[in-house]
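Please consult the sequence and the structure below alongside the notes.

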Amino acid sequence: MKKIFGILLFSFVCLSATFATEPIKSIPAFRIQTEIKVDGQLNELVWANASAAEDFIQTEPIPGIQASHDTKVKFLYDDQAIYIGAFLYDSEPKKILKELCIRDQISNSDLFKVFIDAYQSGLNGFLFSVNAAGVQYESIVSDHVEDINWNAIWESEVSITDEGWTVEMKIPFSSLRFPSQSVQQWNVQVAREIRRWRETSYWSKVDPLVNGWVQQSGRVDSLIEIHAPVRLSLMPFITGYLNQGNNSNATNRISPSFSAGADLKYGINQAFTLDMALVPDFGQVISDKQVRNLSPFEVFFEENRQFFTEGTELFNRDSLFYSRRVGGRPQGYGQVFEKASQLKGQILSNPEISQLYNATKISGRSASGTGLGFFNAVVGSTHAYIQDSAGREHQFQTSPLSNYNVLVADQNLKNNSYIRLINTNVMRDGSYLDANVTGLTTELKTKDQRYSILGRGVMSQRFSNGNNDKGYSSTLRFGKFGGQWTWNVQQVIETDRYNTNDIAFLAAANEHTYNFNGGFAEFKPKKQNVQLYNFKANVFYLRHYKPNVFADFAINLSHFLLWKSRDAYGINVRLEPIPTRDFFEPRTPNFTHYLPWPVNYTGSAFFSSDYRKAFALDVDVTYRYFDFPGRRNFGFGFEPRFRFSDRISLFWNLSVQKNLLEQGFLIPNTGDLPLEPGNIYIGNRDRWIIDNSVSGRYIFNHKMGVTIRIRHYWDQVKYKSIQVLYENGYLENRNIDLKDGNGKPLNDNNFNAFTVDLQFNYRFAPGSDLILVWKNQILGYVQDTDLGYFRNLSETIDAPQTNSVSLRILYFLDYLQLEKKLSKKKNTGFHNQF
């Protein structure tokens, strides 16, 4: 291994010779003494005195040519903020697209963006954009990846004119991070999208063949004597709830509740920020997309809680922090159902979410390129209550008092390379186990960003009753990531004891994988009606770490093509040409058994039409063939999009999957199945899965709108036969009657998840929101598998359900604004006395 690493490192150094680079565009910012009114008119005289950034270059549809229309952007600044004024010329201003949407979303509209990398890292920065309808969107960029959940307070207005449209922005220095220097130079990129032509152009040329766009920015200089202001803000909130019960005896009972808390932000210095959530409340977060999980792996759910999605880019790297662990479902939630069955009683309460008392994070990056992050959260203990058959009440602890910590140190290196150390720690009260994970990652890149080598090592430790259960993971990757032809090779080793799931998400360990990836991309095709296309290939080989045995081998091929009409298609093929072995499905603790998989081939294709049109459609089909009689998988996706006006849009997302003779570990739904203890049973089942959702939005203006999502997930399972699995992968048929004495199936059923999320948002002041939410949820089973989809849906809607209506008012209080108002009042009072 050391020899291989040495050869790769030597090759990398040879490739790191000096490369020719294009001259970097630069423009001076102009200091002003007069006040700017942000109204989108750009009629103050000071705008005429500033130099203009112009001569934009296309990235789409034809990389490297001049933009079709002129764009001029100017930069002003004073002691409080930087101002950006943009003149976006258009020969047909009446055709400028300006669809409204909720803040921080993308719509069918022309767009203007400004990216600021004040530390000139070439990796990180802040992105501010506004569309032609005036809707704001901002994100924080880390290693070229946008985090759209980051929020900032800034001003912008747009205006449609006879010559195109104009943009005026005011970005307070309190919303940025920059070094403490008397004369500053920032890396800045400016972009414009003309939506009706799907043309994207940049002030500083962005070459799509270069890996990463942040380092291709231009520069804004002559920022003289600017200083980071006091950054202190408080966002108190109050929320009122009307909740409806979730059992048949309380479906009409409505219980009110209230909560109050606050989010605090404080700028420790010009680079680092403290964020605190005091008594947080996440009751208005959109519902998870629940599914039936018959696999041996945990289901991954997206994080939707704002505190954990905003400004967490440092913590989320290397897949060592999964914030849903913090204040998520208690560890012993599922065990309560077993205890209730043992007591022959009923569950009085079993909280699905642990109470988060508070959460704190400190993050930022210094002028030397050192990024530091610290996260801490305290989660309270959780208890369930069960009433037994004799009427006695029992209390069970499902989760202890817990403390979660994450520490990250990330250093930028030459050529946008980096080295990063991360440590996570979980401490639990009582006899529950504690955990600690430490990981070190470095990636070195050549000057032209085409080649890079990455190395990562991680150690996991779990402490229980004086024992330390250690596991390890290592990753080595080398490849070419820029240019038309790209490739990389990667090796990942995860030992059998490696476990990061106390604070991260790890589907499975005990793996030793090899990957080869290759691709070709053409951004300037010879065919006039084609905008771009690419081909990709992947070869995947998997062995288990312990025992060291073969598990899987696959070849993946894909092709994508985008026409200049903005219609697109893609084709994907997966080949598993030899029998493989699944050691996870049998769920044996030491991987003593494996489920054999036959040779199989998968083909899929999709088509996506032009989103600029009032009606657009995405459709996909999948077929999987198994070299086994009767075993097949079919899939179909249908996603039409309707835009009725610039205010009203409707989206339908339908996914249908049919698996014939699917094999999987048998999870009995009833104790009536005559199963022998100690055997591992595999069920052969037919499975229908339909995921059907409709979402829509009505936007009143760029500060107010309504969104809705209605989703129904249906998963029907019908068992055909049962087999016993032995250590050598041999499956023995068992003649087990799968029906009861009345001819009803014992293990077949329908699982349903039905949710409604309706939300009204009104931003009544900068950073201040009024949010009204209705949430409805139904989770459960319908036993009759002879019902069709619509009768099943009807029975689901009639089942017990939960409802919640909530109103939240959140107000943004900024220290600088309060100080300014108090100063004005004081001065006014003084003058009135004379």
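Strand 45 gives the largest share of the nonpolar patch, three residues; strands are DSSP runs (E, at least two residues) numbered from the N terminus. This is a predicted model, in which local features need pLDDT of at least 70, side-chain atom pairs count only at pLDDT 80 or more, and totals for chains, interfaces and linings use all residues. Residues are numbered from 1 along each chain as its sequence is written, and side-chain values use heavy atoms, with hydrogens and water left out.

**Surface patch**
- The patch covers about 930 Å², and its members include Ile 238, Tyr 762, Leu 772 and Ile 809.
- At least two patch residues come from each of strand 16 (232-244), strand 43 (749-765), strand 44 (768-782) and strand 45 (802-810).
- Ile 254, in strand 17 (residues 254-267), is exposed at 56% relative accessible area, the cut-off for exposed being over 50% (1.4 Å probe, protein chains only).

**Thr 398**
- Thr 398 belongs to strand 23 (residues 393-399) and is buried at 2% relative accessibility, where buried means under 20%.
- Its contacts (heavy atoms within 4.5 Å) include Pro 330, Tyr 333 and His 383.
- Between Thr 398 and Leu 772 lie 374 residues in sequence and 32 Å in space, C-alpha to C-alpha.

**Nonpolar cores**
- In the largest nonpolar core, of 40 residues, Phe 75, Phe 112, Leu 176 and Trp 186 touch the most other members; a core joins buried Ala, Val, Leu, Ile, Met, Phe, Trp, Tyr and Cys residues through side-chain atoms within 4.5 Å.
- Among the residues that Phe 112 touches are Val 73, Phe 128 and Trp 165.
- A second, separate core has 24 residues, including Tyr 404 and Val 458.

Technical notes:
Patches are made of residues with over 30% relative accessible area and no salt bridge: like charges are joined within 9 Å, nonpolar side chains (Val, Leu, Ile, Met, Phe, Trp, Tyr) within 5 Å. Accessible areas come from the Shrake-Rupley method with a 1.4 Å probe; for residues, only the protein chains shown count as cover. A salt bridge is a side-chain nitrogen of Lys or Arg within 4 Å of a carboxyl oxygen of Asp or Glu. Helices (H or I, at least four residues) and strands (E, at least two) are DSSP runs, numbered from the N terminus. Lists of a residue's contacts leave out its neighbours within four places in sequence.
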